[in-house]
Each structure stands twice: as C-alpha cells, then as structure tokens.
2 protein chains.
Amino acid sequence: MKKPLIAEMISVGTELLLGEIIDTNAAFLGERLRDLGIFVYRRQTLGDNLERLVAAVKEASSRADLLVLCGGLGPTDDDLTREAIAAAVNEEPYVDDALLRDLEAKFAARKRAMPEGNTKQAWLIKSAGALANPVGTAPGWYVNKGGKIIVALPGPPNELTRMWCEQVEKLLPASGRVLYHRTLHTIGIGESDLAERIKEFTRLDSPGIGTYARNSGVDVRIAAAGESTDKARAVAEPVIREIELILAPWIFGCDDETVVSAIKKILDGRGQTFSCMESVSGGVLAAEITDCPGISSCFRGSLTAYANEVKIRAGVDAALIRQHGVVSAEVAVSMAVAAKKMFHTDWGLATTGVAGPAPLEGKSPGTAWVAVSGPNGESAAFVDWPGDRAVIRKRVCRTVFQSFLNAMKESK
Amino acid sequence: MKKPLIAEMISVGTELLLGEIIDTNAAFLGERLRDLGIFVYRRQTLGDNLERLVAAVKEASSRADLLVLCGGLGPTDDDLTREAIAAAVNEEPYVDDALLRDLEAKFAARKRAMPEGNTKQAWLIKSAGALANPVGTAPGWYVNKGGKIIVALPGPPNELTRMWCEQVEKLLPASGRVLYHRTLHTIGIGESDLAERIKEFTRLDSPGIGTYARNSGVDVRIAAAGESTDKARAVAEPVIREIELILAPWIFGCDDETVVSAIKKILDGRGQTFSCMESVSGGVLAAEITDCPGISSCFRGSLTAYANEVKIRAGVDAALIRQHGVVSAEVAVSMAVAAKKMFHTDWGLATTGVAGPAPLEGKSPGTAWVAVSGPNGESAAFVDWPGDRAVIRKRVCRTVFQSFLNAMKESK
C-alpha cells in the first residue's frame, strides 16, 4: 500500500472569521477528500492579510502533501490568495494571455467593460496550471512544485464544487487507497450506552469507528481503507454485520436514509398513510416530514393546533383537556386519534407540551407527551428534555418518530 | 486606547474535518468576538488526534492572547481537548470533587447511572476554572496562565452559545474599546439594489457598514468603535438615522427582532389573529412562526394540507384546482380564505407550489404562489426561485411574510 496523502485546507476571507458567512466549502471538501482516501489533518481560516496568509501557506505545505485554498481569488485588493501562494513558493506572477482573453470575452458576453482590477484573475505563476471556472470569472490554480500540490479555488460554493469535481479530482495523484464505509443511523439509544455496547470494535485500528450524536439520534460510521474496494470491504463488512446485530433494536437505516425516509419505506410497502396533529412542535414535525422528497405517497398533512379551541374543533375531547391538562398522555392520544379521522389516514401522530421559555399548567419547558394512533391501538410517550425552544421541539420530533417506528414494528 | 486582544479559535473533531457537520460555532464566536473589539486572526479545525492537537494549541497560544477551543469535551476516548490543553500548558489533570458531584446529580436527575467514561468531564487542571454547563453534561474550562487565556467549550451549539454569553464574556479582560452597533432588517429589496442606495455611507471608515443576505432578507449592520459607549454612539447614530430614512419602505425591525416578532407586535397592537394553510412550505411556515416565544397571543394554528383532498375538505374550492391547477393564484387565495374560516382568525396566509425535485403540473421546482387574506380583501404573490427543497421553502416563507407585512400596512 502506498503511503496515504495528507491534506490541509485553508479558507481565506475576513468575512469568514467575522462569522458573516458559514463555511460550507470546508464540509464539502472534507467529504470528497475522505472518499478519495486522502487524510485531512487540519483546516484553517485566515483573514485578508498577506503576511499571515503567506506564513500559513508555508507552514501547511511543509506539513501536508496537498494544500487546498478556498476563496480570495476575487478582483479586489483584499483578495490575496494568488499573491500569498506566489510568495510562499517564491515565484513571480505574470498575466497569462490566454486567460486574459477568456476573461475579456466573459465580460463582453455580459456586455460590460472589464474593470482594470480583474486583470489579476488572469495571473499565473510558472508552477501553476489554470483551472477553468465554468460559472464565475475567477480561474483557479493547480500548483505542482517540489512534490507538493497547492490547489486554489474560488469561494462561491457553486463555482468551487464544479471545479473540484470536474477538474481537480482528475489531476490529483491516485492515492492507491480506496475507502469503504457505512453509516448506521440509530434512534432511542444514548451515545455513551451505544459506545459501551460496541467498545470491543471501537478499539480496532481498522475499520475505524466513530459515533456521532445527531438531531435524529446517534450515528455509527464504520470505515476501512484498502488497495481495492474488495479489500477494504473485506475488512469493514464483518464488523459492520456484528455491529448491526448488536444495535438492531435501534437501527432505522444507513447512509443516505433518514428517519422519515425509513418511515416512508415501511408505509409505502404496506400501502398505509399517516398524518399529524401538532401543538408543542408547532409545524416542526410536518417540516421534518415534508423535507423528504416524495413523502406525499404516504403523508396526507398535519394540523398545527396551537390554540386549544382549534384542537377541540378538530375533534379533541374538551373534557380530557379540563380533566388532565393539555400536556397529558390522554390529550396526546386524543389528538393522534383526531388526526387519523380528520386526514382519513391509517396512522396519526401527535405532540403536546411546553416549548418555553414560560412554564404551562405548572409544567416546565421540555415537558411533553407524544402519541401514536394506529390500526391496532394507541400509545403515548413522555418527553422530559430541558433546553431552548429549538432543542425541545427537535427532541419531541425525535421521540414521536421513535414511537412511530416502534408501533409499526409491533403491528407487523 | 489599549492594544486590542488577538484571538484564535480551534474547533476539534474528526467529524468536522470529514465534512459530516458544518461548524456554526465558528461563525457565532466570530461575531461575538468582533463585537467585543477582539481581533480574530486565525481559526483552525483539527481531528481527534492528541499529538497534532497539542502542537496546534501551543502554536496558537504563542501567537494569540486568547484561544477558544470548541468541542472534544465529550466522555469518550476520542474527546481529547482537556488532554491537549493540559499537555500544552504542562499541567496534570485531576478529578474535581464538586464537578464530579454535579455530574452524578445530572445523571441521577435523568434516572441513569453515570458511565465510567464520563468521569473525565469532572477533570480540571490547576490553572483552569470550570464553566458550568446549564444544558449538557460537559463543563467548560477557563484557563488563565502566563498572560494567555484558553477557553474550552463543548461543541453542541446550544450549550456553547449559552456558556459563552452567560459566563465567558464576563470573565474576559476588558478590551478598552467599546463597540456600538445596530443591525437593520429589511425584506423585499435585493442586496445590490440596497447597497447602491446607501453607497455614500459604505465608503466611510467609521462607522463600518456591512450588508448581509439572510434567509429573512438583507441585513445592514452599522458599527462604530470608541473609548466609551457615548463616543461610539455619537459616531454611529447619525448614520443609522440616515440609512433608516433611505430604507424605510423595506425595514421591518432591528437587532434581535425577527420578521415574526415584527408581525406579532403589529397584530398584538391591533388585537388581531392569524393562521395559515400550507402546501409547498409543508410546516416550515408554522415552524418559523412558532419559533417566536409568546406567538400564541396572535397565532391560532396552521394546516399543512399536503394532499389535495385535505385542501378540499378544509374548504378550498375543488373547481378552482381543476380549472387553474393547484399551483395558482386562485387556489392560493382560496386556501388563505379557508384558513381564516377554519381557524376563526382575522388574517389567513397560504402557500402552494413546487418544492421539487420533480416538477408538478408541468411547473418547475421553485415555482409557487403565496396569498394573504385579511379584513379588507385578498392578495397573491408569485415566487420563482429555483434551488433545493430547503431553499425553495424558506424563500416561499419570506415572500408570504413580506406580503403579510405589506397587507397590514395597507389595512391600517
């Protein structure tokens, strides 16, 4: 096996440091590099300052085989990525005639005169090849010097992602390593409990195993590298199968599947439908459900019944609200049954609780009941998960999805 | 004026390098530090590797006065931030009795046994004070040694943001500079149009003016620094007032106000109520509305009518759907009127359109109609904003809020 390539990334732009935009390029490149079997050891963000940028480029390329810079290729004085690379590798930038003609043609096509400042977007250095920009004006650089590769790409994600996929990946040296990986999604088990159950595997060198707490539950990622897909799979698969057995009660899907796509798969298979009545989740449940493309095959709708009189008009028993309070198992079940009737579906889901910040009926924020009504009966689950409004509402959704998956298992 | 503090940030976690999660903490801290008058020169992300982490902590604290680390405070073997700081400042971690008791109490309150691994969340070093975690289990560290400050905070954004605002900002040394700033929120005007209208001010050195495209519209941030609040205010306020005049037709609020809190303020003042019927937004509209604490004063509920038969049962005219298609101004208006009736409210909002990825009725994703029905009549607006499902749904919500604000202005 060849020695794996080590990569670092540098994002350039004071606006990134000031928190004015969130760096989504970093996550994109992180995933792509991982799947190429390239190890990313460090990512940095620097502002538009030449001295600090040159120092960072030198440091990073002394540590890594591949350095990817994002941003700082615009036409203005504070776009300094080209200047920094040239200084770090000790070469002089020059205006490339072909790039300049391309650039002028782009402005002509938009019927605009090219501002003088844009000329530097036609710069190259001796060791750099140009990466064409099919979307914007700034070409990228692919620098290959002294066994080190430096790639510079423009910051706008739609430009960067196309240039990376269509050009850079083809230029990178083959890593000789292929990664085989699977992510198992669980719901209803805590991260430390889960980690405890699979600890004999997490100590292995290969496959590498990571656990990640998500909004939907805890993910387990199993990944092995090898000289070929077959070899990597041979290392990973036996461990994946053992972990799947151990975590079977909590696994709802893998890789690109979500808890909603898992629900859709089951319901579509049975030809069943579902609907919701929401109080505490206030539309977040419907929003999470309808985030799944094609969900209209089994999802009919949801009523956000924020006011009690809306719940009552929709079929919830007013006496139950008076007797047990609106945050109660009885009202949650009544809401789930009412949803089923109102939307003419096989299943009804419901949420009722306190999102805060103020308490309700003497109950503190984070207190909630969720219920599921199905072909064979009803069930309710209690939620007690303090936090801010967003956390509480997400947690309520997670619990109702978990109850729904369990109820569907039982009614098989 | 004192020399400004220089800060660096380090986010810790292989999952961040692999692109599995996007680092929103970095943007939050970048903004807060800026407002404290602290200069952020560099941000880094490292994986769960002790050797590289120790090296990065040492390098960063040799360059900066303040180093903020996010993440890596969990209970598992690959959570290494405490270990890295201890090694970098050359101190031995020990279990702090008070922290251990707190931690055990937290597990007891959730009726769970504390796993052995969590003990390290009760670690301290001699130079570190503990930062209480009001949400999760992991306390933070505030290390003050040799004139350098190192802050370690847990990765989950809801834990980090509260701990930063409630504890860390009070502990940091005063920078000697005070920032006075205001952010004006606009809706219904594009960023370049807006920038053109206020360009005589954006050229000023102080106050500094930035424009930011947000989900809710375009924000304008005006900020001035000075030795005192009075001095900074005297520089900023005249410019703020002029910009407010120029952008008056589009401004709906400032600073912590949101478009929903602005709507609530108007409705509460008039003693009016509103409700929604959603198709393309699929619950996202209700979720955005109910994200505003106290909105139940004026919001009654929303029906996510995903299936056409649900719309019809809720009062939408079936003939209009047949005649104009479900994605039409006529159906949007009919939905808004039906919402008003169904929820007994003064105002009804509606959305209908194509979220994609597949077209609907021959219309492409991003095509939508929104409508508002009020005491004095109805209005509808067309949306044509291609993108992925999430982008399209957010854009639809922005358009319906904008229409609602306009309709309320007109019905004064």
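Two strands are said to pair if DSSP finds at least two bridges between them. Helices (H or I, at least four residues) and strands (E, at least two) are themselves DSSP runs, numbered from the N terminus. The model is predicted, so local features need pLDDT of at least 70 and side-chain atom pairs count only at pLDDT 80 or more, while totals for chains, interfaces and linings use all residues. Residues are numbered from 1 along each chain as its sequence is written, and chains are lettered from A and ligands numbered from 1 in the order in which they are written.

The place where the two chains meet includes a strand pairing. Strand S14 of chain A is joined to strand S14 (residues 299–305) of chain B by 5 bridges, and the two run antiparallel. Within this pairing, A:Ala305 has B:Gly301 as its bridge partner. In general, strands of a sheet pair through backbone hydrogen bonds, either parallel or antiparallel.

The whole contact takes 53 residues from chain A and 57 residues from chain B, where two residues are in contact if their C-beta atoms, placed from the backbone, lie within 7 Å. On the side of chain A that touches chain B, at least two residues each come from helix H2 (24–35), strand S2 (39–46), helix H7 (191–197), strand S10 (208–214), helix H11 (284–290), strand S14 (299–305) and helix H15 (389–410). By class, this side of chain A has 25 nonpolar, 16 polar and 12 charged residues. Here Ala, Val, Leu, Ile, Met, Phe, Trp, Tyr, Cys and Pro count as nonpolar, Asp, Glu, Lys and Arg as charged, and the others, Gly among them, as polar.

Chain A is assigned domain 1 (6–171), domain 2 (178–254) and domain 3 (259–410), with bounds that come from an automatic or database domain assignment. In chain A, 7 residues of domain 2 are in contact with 8 residues of domain 3. The domain 2 side of that contact holds 2 nonpolar and 5 polar residues, and no charged ones. The C-alpha centres of domains 2 and 3 of chain A lie 31 Å apart.

Chain B has an open sheet of 4 strands in the order S10-S11-S9-S12, with antiparallel pairing. Strands S10 (208–214) and S12 (251–254) of chain B stand at the edges with a single partner strand each, so one side of each is left without a neighbour in the sheet. S10(B) is joined to strand S11 (residues 217–226) of chain B by 7 bridges, and B:Asp219 in S11(B) is the bridge partner of B:Tyr212. Helix H9 (residues 229–246) of chain B packs on this sheet, where it touches S9 (178–186), S11 and S12 of chain B.

Also in chain B, helices H10 (residues 259–270) and H15 (residues 389–410) pack at an angle of about 25°, with their axes 11 Å apart. Axes are lines fitted to C-alpha atoms, for helices over the stretch in contact, and angles run from 0 to 180 degrees between N-to-C directions. H10(B) and H15(B) are therefore roughly parallel to each other; angles under 35 degrees count as roughly parallel, over 145 as roughly antiparallel, 65 to 115 as roughly perpendicular and the rest as oblique. B:Val259, B:Ile263 and B:Ile266 of H10(B) make the contact with B:Phe401, B:Phe404, B:Leu405 and B:Met408 of H15(B). The residues of this contact divide into 7 nonpolar, no polar and no charged.
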